[in-house]
Amino acid sequence: MELSFTEDEIQRYSRHILLRELGGAGQARLRSGRVLIVGAGGLGSPLALYLAAAGVGTLGLVDDDLVELSNLQRQVLHTTARLGTPKVASAAQALSALNPLVTLNRHQTRLTAANVHGLIADYDIIADGSDNFATRHLVADACVAAKKTLVSAAVLRFEGQLATFKPHIGGPCYRCLVPEPPDEAPSCAQAGVLGAVTGVMGTLQATEVLKELTGIGQSLAGHLLLWNALDMQFRKVKLPKDPACPVCG
């Protein structure tokens with residue numbers, strides 16, 4: 001791992017390098033890190049912005065949607081001027097302007113059983129900010145098979161949840177929490193979401209990704225973080241491994 005930094009990098013990441021827990025070695029780990037972000041929407045926007053700002057060396061962006069006016073209430077990567085633009089292109093434009101040192105891989109496609117394994121193969125950590133259970137299960141199952149760490153967040157209305165899944169080291173997987181996609185589950189488009197809630201949860205998700213890349217602090221693996229914005233209450237609950245789980249059991 002290369003530990004030398006240019007003067008531009010030293011200036012850009014100086015507040016990280018000052019942190020005793022992180023320092024130059026931690027910043028070098030971020031620079032060599034590779035993170036795949038699933039969804040360039042409400043969660044993916046703050047997630048991608050903070051990972052790019054932090055200097056994560058390579059970010060992959062997976063999304064097949066176009067920027068719509070209804071997105072702009074919460075999807076802060078995008079702008080009115082970029083309506084109708086593919087989200088991965090709009091996101092790449094914003095992230096490159098923020099930090100041109102980061103390599104951005106655009107994957108303008110919908111995740112499917114046919115392509116998910118190939119997409120996650122080149123990344124260290126998968127960060128899922130998708131908005132439907134089918135995609136979450138698809139990503140989670142692929143991460144188990146590939147022994148990849150998954151940091152997953154979800155929001156609806158005024159609530160959010162966050163979890164890190166590392167079944168390859170003995171922890172639970174996503175199906176230990178949600179064994180099967182629910183038959184009926186409202187989306188944000190159907191039930192609504194407070195825009196700032198996606199900002200909080202996406203930023204918490206970014207924090208967990210940075211911790212996993214650098215090895216600092218205590219991993220959230222094995223726990224589920226729940227947040228209710230209306231009463232400003234956080235809860236962290238133990239998430240046990242299901243010995244009967246068909247994926248990781």
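**Exercise 1. Which element supplies the largest share of the lining of the largest cavity, and how many residues come from it?**

Solution. The model is predicted, so local features need pLDDT of at least 70 and side-chain atom pairs count only at pLDDT 80 or more, while totals for chains, interfaces and linings use all residues. Residues are numbered from 1 along each chain as its sequence is written, and side-chain values use heavy atoms, with hydrogens and water left out.

Begin with the search of the whole structure, which finds 2 cavities of 30 Å³ or more; a cavity is a set of points on a 1 Å grid over the protein atoms alone where a 1.4 Å probe fits but cannot get out, and lining residues have an atom within 4 Å of a point. The largest cavity holds about 60 Å³ of space, a volume being the space filled by probe spheres set on the points, which are joined across faces, edges and corners.

Next, list its lining, which includes Arg136, Ser152, Gln161, Phe165, Tyr174 and Leu224. At least two lining residues come from each of β5, β6 (159-165) and α8 (174-177), where helices (H or I, at least four residues) and strands (E, at least two) are DSSP runs numbered from the N terminus. The largest share, 4 residues, belongs to β6.

**Exercise 2. Describe the largest nonpolar core and the surroundings of Val56.**

Solution. A nonpolar core is a set of buried Ala, Val, Leu, Ile, Met, Phe, Trp, Tyr and Cys residues joined through side-chain atoms within 4.5 Å. The largest has 38 residues, of which Val35, Ile37, Leu51, Val56, Leu59 and Val209 touch the most other members. Its largest share, 6 residues, comes from α10.

Turning to Val56, and leaving aside neighbours within four places in sequence, contact (heavy atoms within 4.5 Å) is made with residues including Leu30, Val102 and Leu213.

Definitions and conventions:
Buried < 20%, exposed > 50% of the residue type's maximum accessible area, 1.4 Å probe, protein only. 1 Å grid on protein atoms, 1.4 Å probe; cavity = no way out; pocket = protein on both sides within 12 Å on 5 of 7 lines; lining within 4 Å.
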